[in-house]
Amino acid sequence: MSSNGDDRQPDLAGPPTGESVRAAAPALTAAADAGITAAAAELIDLSHSIHAEPELAFAETRSAAKALAPLRARGFAIEAGIAGLDTAFVATYGSGELVVGICAEYDALPEIGHACGHNIIAAAAVGAGLGLAEVADACGITVKVFGTPAEESGGGKVLMLERGVFDGVGMAMMVHPGPFDIVGARSLALADLSITYRGRAAHASAAPEQGRNAGDAVTVAQVALGLLRQHLAPGQQLHGIVNSGGVAPNIVPDHAELLYYLRAADSASLGDLMQRASACFEAGALATGTTHDIRTLAPTYTELTPDSAVLSAYREQIQGIGRVPLSPELEAVRPLGSTDMGNVTNAIPGIHPVIGIDAAGAVTHQPEFAAACITASADLAVIDGATALARTAIQIAGDQLQRERLLERSVQRQEEFR
């Protein structure tokens with residue numbers, strides 16, 4: 001028996017193949033389901049515990065430790081603090097050639113806590129990992145649960161991807177809570193910007209002509225952006241806040257800052273929006289005699305590009321446990337904000353479906369949605385999400401054509417980055 005395996009896994013004659021895994025799929029699925037069921041109370045406790053102590057981007061110390069505890073107890077090999085990120089981790093079980101990645105998120109939002117339900121994401125990811133550990137060797141897979149910090153702001157997955165953490169992964173999956181079940185969830189490409197204006201301070205009454213008003217530069221820029229909105233292409237969005245705009249009414253502001261998100265349907269459209277918005281930011285400086293600087297605060301998020309075969313398998317499995325997701329036609333008209341999982345799916349075959357909870361009409365990033373993320377409906381989403389992810393991995397591992405495709409794609413990607 002290996003150090004991270006055990007003798008409870010279903011016995012298959014010879015090394016696992018797609019055909020052998022497919023033939024044993026009912027037994028494998030039952031074993032994975034049983035593993036998740038056995039851990040159900042612990043998974044729900046994990047979701048509630050993360051929810052009770054919300055932590056912001058790159059500071060999710062307690063949340064990461066909580067997510068690791070059940071995996072460590074099950075015998076996963078743990079690497080914490082990876083990729084130069086204190087709250088990132090990878091937990092590995094099995095030794096099969098097909099590497100299945102499950103992504104956990106656990107960062108919260110400022111002031112409104114887990115109003116995006118990352119507590120559910122983390123618990124479902126851990127549950128899927130525990131379920132797949134029951135059948136990893138029999139399926140010929142290695143399961144890796146990735147702890148990915150700073151999804152809301154900071155792009156933890158992008159940094160982990162760039163630093164080689166996802167190398168060798170054949171497929172990557174996660175589930176995200178929302179008001180509906182959405183299999184082929186869409187997202188928008190995102191740029192996270194800071195625009196700083198610098199002028200000259202002066203007495204606003206005694207010598208206003210000596211001042212150069214950075215606060216006015218912000219006003220001009222936002223008026224220009226407001227007028228630009230009527231000419232945006234479909235899928236393009238921009239929204240932001242004034243982060244600083246002065247210290248006292250009788251002092252001409254010599255410093256002001258805007259924080260803005262630019263979003264678009266894809267990376268090319270985002271590039272076009274960036275050009276047009278940059279002209280609006282520049283207009284503020286030109287009109288007021290100030291200078292300005294545009295900085296990118298976090299890695300740019302690309303749009304989700306879910307893998308069609310993995311998506312199809314997940315749809316079959318989520319329907320098999322009794323959920324009714326939106327039709328593909330409705331999915332196509334429901335954007336889902338932005339996520340750094342988009343960058344992962346652009347590099348590795350992967351999916352980012354939405355698991356529905358009863359939020360009583362609330363939507364993500366509302367305090368009411370945060371409250372809904374520890375209800376009985378949310379607890380069910382943890383178990384159903386874990387089950388659907390584990391079953392999807394088993395189905396793909398049992399499809400010889402898809403198995404070979406994912407293995408070949410993994411090898412090609414590793415060769416590209418040598």
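Tutor: Cys139 is buried, at 0% relative accessibility; buried means under 20% relative accessible area, exposed over 50%, and partly exposed in between, with a 1.4 Å probe and protein chains only. This is a predicted model, where local features need pLDDT of at least 70, side-chain atom pairs count only at pLDDT 80 or more, and totals for chains, interfaces and linings use all residues. Residues are numbered from 1 along each chain as its sequence is written, and side-chain values use heavy atoms, with hydrogens and water left out.

The count of disulfides (pairs of cysteine sulfur atoms within 2.5 Å) is 0. Cys139 is in no disulfide, and its nearest cysteine sulfur, that of Cys103, is 19 Å away. Cys116 is in no disulfide either; here the nearest cysteine sulfur belongs to Cys373, at 8.1 Å. Cys116 is buried, with 9% relative accessible area.

Next, the helices. Helices (H or I, at least four residues) and strands (E, at least two) are DSSP runs numbered from the N terminus. Axes are lines fitted to C-alpha atoms, for helices over the stretch in contact, and angles run from 0 to 180 degrees between N-to-C directions. Helix H8 (residues 214-228) packs against helix H9 (residues 267-288) at about 145°, with the axes 8 Å apart. The crossing of H8 and H9 is right-handed; that is the case when the near helix is turned clockwise from the far one by less than a right angle, and anticlockwise makes it left-handed. Residues in contact (heavy atoms within 4.5 Å) include Val220, Ala224 and Leu228 of H8 and Ala277, Cys280 and Phe281 of H9. By class, this contact has 12 nonpolar, 2 polar and 2 charged residues. Ala, Val, Leu, Ile, Met, Phe, Trp, Tyr, Cys and Pro count as nonpolar, Asp, Glu, Lys and Arg as charged, and the others, Gly among them, as polar.

Helix H3 (residues 40-52) and helix H14 (residues 376-397) pack at about 120°, with axes 10 Å apart. H3 and H14 are therefore oblique to each other; under 35 degrees counts as roughly parallel, over 145 as roughly antiparallel, 65 to 115 as roughly perpendicular, and the rest as oblique. Their crossing is right-handed. Ala40, Leu43, Ile44, Ser47 and His48 of H3 meet Asp379, Val382 and Ile383 of H14, a set of 5 nonpolar, 2 polar and 1 charged.

Ile355 sits in strand E12 and is buried, at 0% relative accessibility. Leaving aside residues up to four places away in sequence, Ile355 touches, among others, Val175, Phe180, Tyr314, Ile318 and Ala381.

Thr87, in the loop between strands E1 (77-80) and E2 (89-93), is buried at 4% relative accessibility. Contacts of Thr87, not counting residues up to four places away in sequence, include Phe58, Tyr106 and Pro149.

Most residues other than glycine have a negative phi. Glu111 has a positive phi, near 70°, and lies in the loop between strand E3 (98-104) and helix H5 (118-133). Glu111 is exposed, at 86% relative accessibility. His365 also has a positive phi near 70°, in the loop between strand E12 (354-356) and helix H13 (367-372). His365 is partly exposed, at 40%.
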